[in-house]
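The entries follow in the order in which I looked things up.

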Amino acid sequence: MLLLVALPPLALAPSCGKSPPVSIFPLVSQEEIAHGESIYAGNCRPCHGTPEQGNLPVFRPLVNERIVNADPLKLAGVMLFSKHHRQGPDGPYLFADMTDEDVACVGNFLRSRIGSDQAPLRAKIVERAREIHEERDEGVQPEP
Ligand code: HEC
C-alpha cells in the first residue's frame, strides 16, 4: 500500500508492458551469482560457450533463449530435463545429480546476464520442477 504512495506520477501514465528490464540483484546476492557462474564455467560452458557468445554454429547464445527469462519453474525444468541434456533416448539427464541450490544459482547467473523481469530461482522451485517431472514420467497429471 505504501508503495503506491511512493510511486512517481509517471508510473500511472499508460506505459503498459514497456517498463525497463528489472535487475534481480536486490533479490539475489552477488555471492549466489558468482557461485552460479563458477558452476556454469565447469558444467555448461564446454557446450554452450559464454552466455553472451554461445558456441556457434551449434549453440546459440543462451542469453537470447526465451527460456532463460521464463518463469522459474520452467527454467529449472529445462536445465534439468531438456531432451538435449539427456544422454541417449533413455539415458540419465546430465544434471540430475546437481543440488537444487546449485541449479538455482546457475539459473540466476544466466538471469543476471539479461534484464530479467521474472522471479529468481529458488531451491524449493527446483525441487518442485523435479516432482513435476516425476509425476509426468509416472503418468500422473499435475494438479491444475
Ligand atoms: C553436453 C553438452 C551440453 C551441456 C554440458 C549443457 N547443455 Fe544446455 N543444451 C545442449 C544442447 C545440444 C541444447 C540444444 C541446442 C541449443 O539450444 O543451443 C541445449 C539447450 C539448452 C537450453 C535451451 C533450452 C532447450 O531445451 O533448447 C538451455 C537454457 C540450456 N541448454 C542450459 C544449460 C545449462 C544451464 C547448462 C549447465 C548446467 C547446460 N545447458 C549444459 C547441450 C548441453
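I began with the crossing of H4 and H6, which is right-handed, meaning that the near helix is turned clockwise from the far one by less than a right angle. I work from a predicted model, in which local features need pLDDT of at least 70, side-chain atom pairs count only at pLDDT 80 or more, and totals for chains, interfaces and linings use all residues. Residues are numbered from 1 along each chain as its sequence is written.

The axes of H4 (residues 72-81) and H6 (residues 123-137) come within 9 Å and cross at roughly 65°; axes are lines fitted to C-alpha atoms over the stretch in contact, with angles from 0 to 180 degrees between N-to-C directions. Helices are DSSP runs (H or I, at least four residues) numbered from the N terminus.

I then listed the contact (C-beta atoms, placed from the backbone, within 7 Å): H4 contributes Pro 72, Leu 73, Ala 76, Gly 77, Leu 80 and Phe 81, and H6 contributes Ile 125, Val 126, Arg 128, Ala 129, Arg 130, Ile 132 and His 133. These residues divide into nine nonpolar, two polar and two charged.

Turning to the ligand, I found 19 residues around it, of which Cys 44, Cys 47, Phe 59, Ser 82 and His 84 come nearest; a residue counts as near if its C-beta atom, placed from the backbone, lies within 6 Å. H3 (45-48) and H4 each supply at least two residues of this shell, and H3 gives the most, with three.

Last, I noted a cis peptide bond joining Leu 56 and Pro 57, with omega about 10°; Pro 57 sits in the loop between H3 and H4.

Technical notes
Contact = placed C-beta atoms within 7 Å. Nonpolar A, V, L, I, M, F, W, Y, C, P; charged D, E, K, R; others polar.
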